[in-house]
Amino acid sequence: KLIFRCESIRGNIPDRIKTLEDGINHIQEKLYQEDSFTESCKLNTEIAELASIINDLWLLYRMDQHIESKLHK
């Protein structure tokens, strides 16, 4: 049951990453039109935070894949 639960969560990671990437694209569109330096810095920070979450999710996705392959051996 635990493996099924982990696989269920793992299966949602690519969709979550896609949603976060869409968020980054939306913020980038706002950034391209922003004239305020202060506001541009805030938008860049938001992008960096979302990119960090995406990186963590990819690491988790790959780590679970590695663990699963060990369980099947």
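**View 1. Tryptophan 58 counts as partly exposed, at 28% relative accessibility.** The model is predicted. Tryptophan 58 lies in helix α2. The structure holds one aromatic pair. Tryptophan 58 and tyrosine 61 form that pair, and the geometry is edge-to-face. The ring centres are 5.6 Å apart, with 85° between the planes. The 85° angle is over 60 degrees, so the pair counts as edge-to-face. Both partners belong to helix α2, three residues apart, which means about one helical turn separates them.

**View 2. Arginine 10 lies over the face of tyrosine 61.** The distance to the ring centre is 4.2 Å. Tyrosine 61 is also the edge-to-face partner of tryptophan 58. The ring of tyrosine 61 therefore takes part in both an aromatic pair and a contact of arginine 10 with its face.

**View 3. Tryptophan 58 and proline 14 are 44 residues apart along the chain.** Their C-alpha atoms are separated by 8.2 Å. Tryptophan 58 sits in helix α2, and α1 covers residues 2–33. Across the chain, consider contacts between residues at least 6 apart in sequence: 64% of them join residues at least 24 apart.

**View 4. The largest nonpolar core has 11 residues.** Its members include Ile13, Ile17, Leu20, Ile24, Ile27 and Leu31. Leu43, Ile47, Leu50, Ile54 and Leu57 are also among them. Helices α1 (2–33) and α2 are the elements that give two or more residues to this core. The largest share, six residues, comes from α1.

**View 5. Isoleucine 24 is one of the core residues.** Leaving aside residues up to four places away in sequence, isoleucine 24 touches Ile47, Leu50, Ala51 and Ile54. Ile47, Leu50 and Ile54 are listed in the core as well. Alanine 48 and isoleucine 24 are 24 residues apart in sequence. In space, 8.8 Å separates them, C-alpha to C-alpha. Alanine 48 lies in helix α2. At 45% relative accessibility, alanine 48 counts as partly exposed.

**View 6. Serine 40 is buried in helix α2.** The helix spans residues 37–71. The relative accessible area of serine 40 is 15%. That value is under 20%, so serine 40 counts as buried. Not counting residues up to four places away in sequence, serine 40 touches Leu31 and Glu34. Leu31 is also a member of the largest nonpolar core.

**View 7. Cysteine 6 and cysteine 41 are both partly exposed.** Cysteine 6 has a relative accessible area of 36%. For cysteine 41 the value is 34%. Each value falls between 20% and 50%, so each residue counts as partly exposed. The structure holds zero disulfides.

View 8. Serine 40 is one of the buried residues. The accessible surface of the chain comes to about 5800 Å². Carbon and sulfur atoms account for 57% of that surface.

Note on methods. Residues numbered from 1 in each chain as written. Predicted model: local features only at pLDDT ≥ 70, side-chain atom pairs only at ≥ 80, totals over all residues. Heavy atoms only, no water. Disulfide = S-S within 2.5 Å. Buried < 20%, exposed > 50% of the residue type's maximum accessible area, 1.4 Å probe, protein only. Helix = DSSP H or I, 4+ residues; strand = E, 2+ residues; numbered from the N terminus. Contact = heavy atoms within 4.5 Å. Areas by Shrake-Rupley, 256 points an atom, 1.4 Å probe, with all protein chains shown as cover. Phe/Tyr/Trp six-rings, centres within 6.5 Å; stacked < 30°, edge-to-face > 60°. Lys NZ or Arg CZ within 6 Å of the ring centre and 35° of its normal. Core = buried A, V, L, I, M, F, W, Y, C linked by side-chain atoms within 4.5 Å.
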